[in-house]
Amino acid sequence: MPLTSVLLLSMALFCIGVFGVLSRRNAIGILLGVELMANAVNINLVAFSRFQGGVVGQVFAVFAIALTVAEVVVGLALVILLYRSRKDVRVDEANALSG
Amino acid sequence: MTLGWADFAPLAIDLALVAAILIVLIGDLAGGPRAGRGIGYLCGILLLGLFAGSFFLDLSGPSMGGTYVGDAWSTFFKRLFLAAGALAIFGSADHVARHTPTRQSEYHLLILFSVLGMSLLPGARDLLLLVVAFELMGLPLFVLAAWAKTDDPRGVGRHAPEAALKLYLVGAASTAITLFGLSLIVGLSGTTNIDAWIRTAPSPLWFAGGFLVLAGMGFKIGAVPFHFWVPDTYQGSSTPFVAFLSVAPKLAGFAALIAIIHRGLGAGLLHRPTLVTLAVASILLGNLLAVAQTDVKRLLAFSGIGHIGFMLLAFLPGTTESIQMLLFYGGAYVVTNIGAFLIVEQVEDAAGGSSIDDFAGLVYRSPSLATAMLLFLLSLAGIPFVVGFWAKLYVFLAAWEAGLQWIVVLGAIVSVVGLFYYLQIARAMFMRKPAAEAPPLGSSLGMTFAISLCLAAVVVLGAFPAPLLGEAEAAAKAFVAKPTGAR
């Protein structure tokens, strides 16, 4: 399997993630889209590392995973906070701030 | 690789910041809620002490095998971030003590963590350090944006969860976009050493990587068309935090952008059309949309987008002069914007809202606050002789010399529009009568201190811009100078 096909896979995954972020109305759904994008990043890093030698990409991937986890923890806490105050996690309902 | 004392000297400020975080943490455990607002003042004093210390310590030299390099460039940014953090903490101490008396030290600790991330960022020469520092800066901000959470449906913090979630969703998505771009760049170059990227032959994928980084960072700095979260988050979060959010992370974003785009990719020219579009759209939309705002926080948010546009204008050419002007603009923006938001906080706290009507007759309630606000507004608008004037003038000069004459003309015209909406607030403060029941406004100790510092900086640097300009020049030269043995 050549590098190109792996890159195509990661780009497809990234695009699905972007589509999820843009189309989902549920905050959890948007978070899932972000997760897909983050995983596309990891596939990219590991694939380059596998095909071109060197461990830089794999080390970077481990860091990227850790950072994403930290981010998601904060994100889920915020979703719970929004749910407690509005009993709803749909972002298009959260429109008190505008003008 | 062995670590010696020489490795830690450039990181002295950052290590001291870690020590400060530990001191506050232990102080909180020992004192707890009894510590009162003292814990906030302690954090502010620690940051101010580090700011002063940065002038006496030699912070130059490579560290950790060249992963981090301290020079005038990183020191300039460190000072900006330490100053912004100290001003924001002094301005927040009273607000935090009154609204969340049992959770005070958490707020200040989160600000300290964010400042630590920012302070590590500009000196990072390895992408891993840069990305981790950037996240260390960003994660506390999400939590802080939700700080004013409350179950009271009419309380000041009722919109904080929504504001925080908007900031978070945009932030998380933009991090993923940036990382995807960086993964392409790292993959193609095979190294995370930013200085070594320039050796890689450009390819469409390489270009796409740079483009994705620009888009992701565009969200972070709040440039048009990635700006939609800015007004909502500013309006919903607690105002003293917004004072911090509106300046420090934006400047950190520029530090990262400059490192990746100008130093790493050397692709300023390749991405020039994109950058011109971003800058022009930010200047135009930010200033024009600000005119229609009736809420002062939203107005300052849109005007802030315009200021980001001006900074992008200085970012664009990537020459020593333009980088110097960008740094000067950043310094001026820190003191002016934090000062303005802290005054908004005082008015909002008394009136329960931050619409322009709430500013009516401020001069009768507190002449000193009204005068200070007028000076901050004049500085934001770029009127002589406060610091904002020089900032705008220098950016225009740099852009003019870089061949962007038409944007300079456009920016000058739009600045007149800016004058209109800034003076709307001034008119409400000085020409209108206050509401009948509005009492005189008093400031807390920390607030008075922070606003006085901002005001002193705005006036003194307006009269003598040379010291800041000289610092910015040294920093820009240090940035352009390539480290030996990097190529």
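## Secondary structure of chain A

In this predicted model, chain A has three helices and zero strands; helices (H or I, at least four residues) and strands (E, at least two) are DSSP runs, numbered from the N terminus. The order of elements from the N terminus is α-α-α. Local features need pLDDT of at least 70, side-chain atom pairs count only at pLDDT 80 or more, and totals for chains, interfaces and linings use all residues.

Residues are numbered from 1 along each chain as its sequence is written, while chains are lettered from A and ligands numbered from 1 in the order in which they are written.

## Dimensions and burial

Chain A has a radius of gyration of 17 Å, whereas a compact globule of 99 residues would come near 13 Å (C-alpha atoms; the globule rule is 2.2 Å times the number of residues to the power 0.38). Along the principal axes, the C-alpha atoms of chain A fill a box of roughly 50 × 25 × 20 Å.

Of the 99 residues in chain A, 36% are buried, that is, with 20 or more other C-beta atoms within 10 Å of their own, C-beta atoms being placed from the backbone.

Two residues are in contact if their C-beta atoms, placed from the backbone, lie within 7 Å. Among the contacts in chain A with a separation of 6 or more, 44% join residues 24 or more positions apart.

Between the chains, 34 residues of chain A are in contact with 36 residues of chain B. On the side of chain A that touches chain B, α1 (3–23), α2 (27–52) and α3 (56–86) each supply at least two residues. The most come from α3(A), with 15 residues. By class, this side of chain A has 25 nonpolar, eight polar and one charged residue (nonpolar: Ala, Val, Leu, Ile, Met, Phe, Trp, Tyr, Cys and Pro; charged: Asp, Glu, Lys and Arg; polar: the others, Gly among them).

Technical notes
A residue is buried if 20 or more other C-beta atoms lie within 10 Å of its own, exposed if 12 or fewer, and partly exposed in between; C-beta atoms are placed from the backbone.
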